[in-house]
Amino acid sequence: MYSDLVMDHFSAPRNVGEIEEPDGVGRIGSPECGDVIRLTIKVGDGRITDVKFKAFGCGAAVATSSMATELVKGATLDEALAVTNQTVADALGGLPAQKMHCSNLAADALHLAIEDYLARRDDASGDETACDVGSGDDELPVGRPADEAACDRTGES
Amino acid sequence: MNAIYFDHAATTPVDPRVLEAMLPYFSERAGNASEIHAWGREAHEALERARAQVAAGLGAHEREIVFTSGGTESDNLAVVGLLQLEQPGHVVISAIEHPAVTAAAGFLERLGWEVSRVPVDRTGTVDLEALAAALRPDTRLVSLMLANNVVGTVQPVREAAALAREHGVVVHTDAVQAVGAVPIDVDELGVDLLSLSAHKIYGPKGIGALYVRRGVKVRPLIHGGGQERALRSGTENVAGAVGLGAAVELALRVLPETASHVSALRDRLTAGILSAVPDVELLGHPTRRLPGNVCVSVHFIEGESMVLRLDRVGIAVSSGSACASQSLEPSQVITSMGYDAVAAHGSLRLSLGRENTTAEVERFLEVFPAIVADLRAMSPLSATR
């Protein structure tokens, strides 16, 4: 059901891990829904100089995370923001239909990480007391509710 | 490296002896069992021999066996066939039935029936007090599986049937996972309807049977030429029925040594996993479970990932994770047992068969801890919990 490229990224995922002292963190999904992606970025000169991910989830969750990091490493923030979940799926040669909505979240996590970076930068320039930014996942924007009933299971009945 | 198959609860390969019994009925003995010429008579006799084999395996009479296309059709024929033309009343099922029963009961709801889903405890055993309390004057059917397909817990069907029969309620059991694993006698169990399938017991796919106790009135779902005493029209699947008969007979002949061989492997696997991998728990009943079932929940990681990683090293297992299912819902069996969805996402089922070996179990135990460690290193959950 998965393509060879998806299986390649699942079996040997690129950029796994967590950047120490990241410039931005994005976390999306919930354990109840079966997928959580946490993505950390380092930014320099308006480009993503490093990106790493951790994922709890199925083959598609891991493979899309791996591919998303490959797509944006070295990219400008604008280029990275233009990467969508669909871009990631296309780069993998497609995903099974039922995985498109539930496990294809890596670009969303990336966008949250960039938003986090931009927010920190703005806070740092405008407000010197903003020292606790990014201290924990709880304060991060979370793209999907943790409520199990709210798991996005579009497409199948 | 040889492939290792630990997914016998999903399906089993056809035993060569079963296949050998079936083969003539595809070619030189391919008559239509409803015809009166020599070819037809030969097919008819084979069909009836198979029926007698299935009946003998259940302690039933031949006339009580209806051949179907498999477990799902048998469950539908039992649940829907019994009640579809009756005045809507009440049906009791357990919370952990196979989708074939759950969805058939859901269909009855659309016809105006009320359905009670009796809860199970943390071991996956149905709550008999709750079942007794659920019975009403208008209850017409209790359906309780003999053994669960996910966690392997063997259900107190005999006790449940006794409760139901006090109230004159018909009892159905889905025995698809139990046949060949535990001895079955319909009178001893006290059930009126029992579903079984060939492909779970080294027979072919596409054939199963429903036991219907004499005097219990079931109406057909499939209408036509009146085969199977008008309960299941359609030209008889003679080769399939011969395969089912042979598979049942073989399964019962080897049941004692199979159960002891397979349960020894199961116990070694369970102990090996629990000792080698931290943060794992066994799901299902510690002792009242199918001899070949190991079901665990592995914390912090997700089932489909484990299934895919094991597949890469040639080991076939399954998971109750939402991600591993077509419906994208976590196993309702596991959540009904009081575990959260996360436990269901991290579930892994290993179901053993008679051809599995100790060497295969040891091979699994060699590779599994590293796979778990690798996936946990990638998981954002392990560090934060």
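Predicted model: local features only at pLDDT ≥ 70, side-chain atom pairs only at ≥ 80, totals over all residues.
Residues are numbered from 1 along each chain as its sequence is written, while chains are lettered from A and ligands numbered from 1 in the order in which they are written.

Along its principal axes, the C-alpha trace of chain B spans about 70 × 55 × 35 Å. Its secondary structure comprises 14 helices and twelve strands, taken as DSSP runs numbered from the N terminus (helices H or I, at least four residues; strands E, at least two). Chain B is divided into domain 1 (16–253) and domain 2 (255–377), with bounds from an automatic or database domain assignment. The C-alpha centres of these two domains of chain B lie 28 Å apart. Their contact takes 21 residues from domain 1 of chain B and 20 residues from domain 2 of chain B, two residues being in contact if their C-beta atoms, placed from the backbone, lie within 7 Å.

An open sheet of seven strands in chain B has the order β2-β8-β7-β6-β5-β3-β4, with mixed pairing; two strands pair if DSSP finds at least two bridges between them. The edge strands, β2 (65–68) and β4 (114–118) of chain B, each pair on one side only. Within chain B, strands β6 (residues 170–174) and β7 (residues 193–197) pair in the parallel sense over three bridges, and Asp174(B) stands opposite Ser195(B) in β7(B). Helix α2 (residues 38–58) of chain B packs on the sheet, where it touches β2, β7 and β8 (208–212) of chain B. Helix α4 (residues 99–110) of chain B also packs on the sheet, touching β3 (90–94), β4, β5 (139–143) and β6 of chain B.

Between the chains, 22 residues of chain A are in contact with 22 residues of chain B. Two or more residues each are given to the chain A side by α1 (4–11), β2 (35–44), β3 (47–56) and α2 (59–72) of chain A. The largest share of that side, three residues, comes from β3(A).

Terms used: Axes fitted to C-alpha atoms, helices over the stretch in contact; angles between N-to-C directions.
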